[in-house]
Amino acid sequence: MLAVGLGVMSSPWWKQLQVVQGHRICGDCHEAIKLISMLKRREIIVRDASRFHHFSDGHCSCGDYW
């Protein structure tokens, strides 16, 4: 979550945000990133230990199967 917050604040609004983490994303972080992508209108891509998550407009490409 810290990486997503820092990336949203420090990168231009037109660029997608890409985050890589070594463990699986938790349910709270998954919901929070969906909310951030909807509120900030940004595409956020998170690579966790098992899959890619593409967050856009409050939806995730994994279909909330994390």
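User: How far is the sulfur of Cys60 from the closest cysteine sulfur?

Analyst: In this predicted model, the distance is 3.4 Å, and the partner is Cys62. That is too far for a bond, because a disulfide requires the two sulfur atoms to lie within 2.5 Å.

User: And how many disulfides does the structure hold?

Analyst: The structure holds 0 disulfides. Cys62 takes part in none, and its nearest cysteine sulfur is that of Cys60, 3.4 Å away.

User: Is Cys60 buried or exposed?

Analyst: Cys60 counts as buried, at 13% relative accessibility. Cys62 is buried too, with a relative accessible area of 14%.

User: Changing topic: in what order do the strands of the sheet come?

Analyst: The sheet is open and is formed by 4 strands in the order 1-2-3-4, with mixed pairing.

User: Which strands stand at the edges?

Analyst: Those are strand 1 (17-20) and strand 4 (59-60). Each has a single partner strand, so one side of each lacks a neighbour in the sheet.

User: What about the helices: which strands does helix 1 touch?

Analyst: Helix 1, residues 2-10, packs on the sheet and touches strand 1 and strand 2. Its direction makes about 155 degrees with that of strand 1. Helix 2, residues 27-40, lies across strand 2, strand 3 and strand 4, and runs at about 35 degrees to strand 3.

User: Finally, how many bridges join strand 2 to strand 3?

Analyst: There are 4 bridges between strand 2 (residues 44-47) and strand 3 (residues 52-56), and the two strands run antiparallel. Within this pair, Ile44 stands opposite Phe55 of strand 3.

Conventions:
Residues numbered from 1 in each chain as written. Predicted model: local features only at pLDDT ≥ 70, side-chain atom pairs only at ≥ 80, totals over all residues. Heavy atoms only, no water. Pairing = 2+ DSSP bridges. Contact = heavy atoms within 4.5 Å. Axes fitted to C-alpha atoms, helices over the stretch in contact; angles between N-to-C directions. Buried < 20%, exposed > 50% of the residue type's maximum accessible area, 1.4 Å probe, protein only.
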